[in-house]
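Subject: Handing over the two-chain model

Hi,

Here is the structure I promised to pass on to you. Have a look at it first, and then read my notes below.

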Amino acid sequence: MNDMTPTREQREAALEGMGCKRKRVEDIRFTQGKGQYVDDLKLPGMVFGDFVRSPYAHAKITKIDATEALKIPGVIAVLTAEDLKGVNLAWMPTLAGDVQMVLADGKVLYQNQEVAFVVAENRYIADDAIQVVEVEYEELPVLTDPFKSMDPDAPVLRPDLEGKTEGAHGPRKHHNHIFTWEVGDKDETAKAFSEADVTIKELISYHRTHPSPLETCQCVASMDKVTGELSVWGTFQAPHVIRTVASLLSTIPEHKIHVIAPDIGGGFGNKVGAYPGYICAIVATIVTGVPVKWVEDRMENLSTTSFARDYHMTAEIAAKNDGTVTGLKVHVLADHGGFDACADPSKWPAGFFNIVTGSYDFPAAHLAVDGVYTNKAPGGVAYRCSFRVTEAAYCIERAMDILAQKLGMDPADLRMKNFVKPEQFPYQSALGWEYDSGDYHTAMQKAMDTLGYRELRAEQKAKQEAFQRGETREIMGIGISFFTEIVGAGPSKNCDILGVAMFDSAEIRVHPTGSVISRMGTKSQGQGHETTWAQIIATEIGIPAADIMVEEGNTDTAPYGLGTYGSRSTPVAGAAIALAARKIRNKAQMIAAHMLEVSEYDLEWDIDGFQVKGNPQARKSMKEIAWAAYHAPPPGMEPGLEAVSYYDPPNMTYPFGAYFCVMDIDVDTGVAKTRRFYALDDCGTRINPMIIEGQVHGGLTEAFAIAMGQEIRYDEMGNVLGASFMDFFLPTAVETPHWETDYTVTPSPHHPIGAKGVGESPNVGGVPAFSNAVNDAFQFLGSTHIQMPHDAWRIWQAAKDLGAHG
Amino acid sequence: MSEIEQVPVSMTVNGKKVQRFVEPRTLLIHFLREELNLTGPHIGCETSHCGACTVEVDGMSVKSCTLFAVQANGAELTTIEGMANADGTLSALQEGFRQMHGLQCGFCTPGMILRAHTLLKETPNPTEEEIRMGISGNLCRCTGYQNIVKAIQYAAAKLNGTDFQEAAE
């Protein structure tokens with residue numbers, strides 16, 4: 001060896017593999033405005049589609065007249081439900097086992113529902129035409145309060161379901177009832193409550209909100225009538241599923257449908273489902289024979305495609321006097337809007353809400369969820385959430401604080417007392433999950449020590465006393481959230497979408513010169529997969545990440561996968577990538593053995609190649625092996641160096657974290673200032689700490705928005721309030737708090753690289769931390785629970801109701 | 001309804017003179033994206049709230065979704081496509097966004113960089129508070145702004161020839 005030979009450390013650094021803060025590959029094009037988003041696509045002859053929408057929340061449609069619209073030069077067609085019936089697409093199935101109107105079929109069920117689809121030469125003409133499509137409505141009584149949906153005299157929202165006593169998820173008990181979903185042991189739980197020293201019960205609502213990525217939902221559909229091939233470019237978090245659904249609905253064979261998800265401007269769950277816009281664009285291109293683009297505007301996005309949450313959770317906890325929890329009972333009233341279009345794995349009508357026992361060792365628990373229809377937009381998507389986990393985490397974290405208050409215990413101490421202990425993992429929860437790994441006490445202690453938790457409590461107490469002496473009008477809250485997520489959907493034994501098991505996939509091809517193309521079934525919407533997937537491969541096969549190209553989103557070239565949402569990419573596709581890479585490494589080992597004329601068992605892996613055990617000079621780098629794979633493979637071995645892996649995870653992964661929010665509130669203005677926000681995340685093995693930190697910052701900002709003001713509200717007429725950025729709270733750089741991040745590492749024992757996923761944790765854990773801070777601040781004035789969102793007006797109102805304004 | 005008469009419009013975009021006929025109601029963002037194929041500026045709201053369409057018009061930050069193309073007649077415009085250095089390398093701001101992980105999905109980035117570009121001309125050495133206020137017309141859903149602030153501080157330091165001191169976390 002001479003001095004020029006790189007050291008092991010240098011060779012390792014050159015890979016830019018797992019654990020390093022690799023700068024993002026994507027940024028080169030994004031910082032130059034060279035991303036390729038759907039609306040950037042321009043095809044020859046392309047026309048534009050846009051919707052006529054209902055101003056009413058509940059009405060019969062007696063007439064649609066497009067005569068005047070069709071007179072406008074440049075207007076090509078106006079599609080209504082009657083036209084769609086011809087191709088059997090007036091209604092479409094939802095992921096939740098319901099059906100949904102594509103275009104209003106005789107009636108509308110929510111404001112802004114799609115009534116007709118105008119196709120015109122450009123978006124301006126389409127808009128002109130929309131104004132003159134005449135629709136006659138006959139108003140019907142409106143139902144917006146989910147608590148009144150099952151009143152005997154509640155209006156019938158879905159006449160199409162009349163007489164249907166059995167839904168996709170069991171019996172229906174009322175004409176506006178969708179399902180009841182029950183989990184856990186009712187008798188054991190009742191026993192725990194009858195024997196309890198202390199119980200609490202509280203209605204904890206998680207209001208309706210919206211993922212609202214900066215890029216709305218959009219697509220371009222193009223039918224080639226000569227070849228019979230349909231191409232659809234769209235904002236699809238799950239492009240392969242969209243292709244399968246498109247094939248099933250259109251009866252075009254799947255191999256003749258090309259679904260491509262180009263760069264996506266944020267998803268957060270909004271872009272998982274199939275929306276009327278996609279169906280109408282596809283029908284329109286089939287009818288007209290020219291490419292059709294559909295792009296939502298912001299109002300359409302906020303008011304029609306996929307709300308999130310709207311869960312009204314009644315939580316009860318049974319406990320002993322010393323704080324040991326003995327039972328949990330939760331009932332949820334779930335407002336699904338006009339159609340049940342929840343984007344959950346098919347067998348899970350309330351997603352993974354049964355993670356509601358959280359980080360605590362509840363010996364008994366029972367959960368029942370009732371889904372109901374109202375005159376609101378359909379959806380119920382997982383807004384940066386693994387299927388109702390955010391709701392569950394909020395429910396249990398709020399309830400634990402309420403229990404601590406009743407017991408007169410410190411909420412941190414109550415949590416510490418009831419955490420699942422490290423030696424209990426793998427842990428079987430009372431509601432049916434097997435938690436893979438965790439060390440909650442260490443994470444909690446680290447968070448408390450870093451923040452100086454006890455000192456903060458002392459400061460809070462002093463402030464409360466000063467407030468009561470009339471010396472200050474400011475109060476202080478300390479919000480704690482110790483969440484356990486369940487992500488990585490999921491094992492085929494219990495997770496599928498329309499029958500397709502929720503595996504994911506990776507294909508890796510090493511070229512003769514040792515560079516790599518790799519493709520996955522996932523689809524980044526900002527997560528940085530082009531950067532991080534290459535890091536996994538780099539570490540596994542010793543080829544620099546810079547020489548590895550990652551490609552996702554093209555269903556013709558990528559292996560089939562279920563897409564990116566629910567923090568499933570790293571737990572599922574990340575595993576597939578590692579396993580595909582290991583197949584390549586195994587073959588490389590045989591080739592290296594042949595090249596070095598030794599047995600493969602005499603070789604050991606060393607960062608970027610194989611070396612003979614005890615003789616590190618005798619080695620072959622992966623680049624040399626790649627060349628040999630194409631140039632002179634061992635006799636009898638297939639040439640080439642590539643592998644595919646489809647990974648069916650044995651279990652979910654269970655990331656967790658300790659979040660603390662310190663807040664100062666002016667009781668006279670209701671203005672809440674976040675003094676500190678500390679987020680400790682444990683997502684197992686960390687692939688790129690820079691990206692993890694970025695994800696946590698972003699998720700916390702979403703959590704801040706949701707907890708402190710972001711809401712999709714409806715008035716009694718069913719008018720949607722908050723469907724523009726004027727009314728819907730998206731924090732700017734000015735309101736957004738400063739984030740402090742930290743971590744512990746508890747690898748997943750069943751994942752090939754021990755990673756768990758992190759994208760959604762900050763949204764899941766952040767909301768309860770903010771809400772608990774507000775609630776904690778007002779506790780000493782006698783408050784038990786203040787509903788979200790905590791905007792200044794509502795905080796002011798709460799202070800007033802508690803007599804804090806004197 | 002009759003077809004709308006088209007009117008001439010000319011402007012200098014990224015140093016290049018362009019001339020087109022447009023309907024008077026054509027928004028500047030659609031003119032840039034659809035007539036000039038400059039798809040860097042994005043449409044996030046069409047109501048002036050999100051700033052994804054931000055470009056520079058005669059030295060001012062402008063949300064191009066709320067300006068008619070004809071209102072920019074005769075103006076000098078810079079879009080994200082005109083931000084790289086003359087030799088094709090990333091400018092200080094573009095480099096700052098990459099180095100500090102100031103972007104994720106990339107959708108707000110062209111508008112954010114253009115706003116930061118004008119901000120640094122207005123305030124060459126901004127404090128964190130001035131940066132946060134200065135970009136408050138541009139929404140980002142991914143980053144939580146913390147790293148965007150750092151990216152702009154990085155660029156400011158580079159442009160001022162000073163060392164970039166990353167604030168302690």
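Helices (H or I, at least four residues) and strands (E, at least two) are DSSP runs, numbered from the N terminus. On that basis chain B has 5 helices and 5 strands, and their order along the sequence is β-β-α-β-β-β-α-α-α-α.

Some housekeeping: this is a predicted model, in which local features need pLDDT of at least 70 and side-chain atom pairs count only at pLDDT 80 or more, while totals for chains, interfaces and linings use all residues. Residues are numbered from 1 along each chain as its sequence is written, chains are lettered from A in the order in which they are written, and side-chain values use heavy atoms, with hydrogens and water left out.

**Chain B**

The radius of gyration of chain B (over C-alpha atoms) is 17 Å, close to the 15 Å that the globule rule (2.2 Å times the number of residues to the power 0.38) gives for 169 residues, so chain B is as compact as a globular protein of that length. Its C-alpha trace spans about 65 × 30 × 25 Å along the principal axes. Buried residues (under 20% relative accessible area, 1.4 Å probe, protein chains only) make up 58% of the 169 in chain B.

**The interface**

Contact (heavy atoms within 4.5 Å) involves 55 residues from chain A and 51 residues from chain B. Together the two chains bury about 4,700 Å², 54% of it on carbon and sulfur atoms; this is the accessible area (1.4 Å probe) lost on being put together, summed over both. Thr31(A), Tyr124(A) and Leu214(A) supply 16% of the area that chain A buries against chain B, more than any other three residues.

There are 5 salt bridges between the chains, each a side-chain nitrogen of Lys or Arg within 4 Å of a carboxyl oxygen of Asp or Glu. One of them joins Arg33(B) to Asp40(A), with the closest N and O atoms 2.8 Å apart. On chain A's side, helices H2 (27-30), H5 (123-132) and H17 (689-708) each give two or more residues, and H17(A) has the largest share, 8 residues.

**A residue to look at in chain A**

Leu328(A) lies in strand E18 (residues 325-335) and is buried, with a relative accessible area of 1%. Beyond four places in sequence, its contacts include Phe193(A), Val356(A), Phe362(A) and Ile396(A).

Best wishes

Terms used: Buried means under 20% relative accessible area, exposed over 50%, partly exposed in between (1.4 Å probe, protein chains only).
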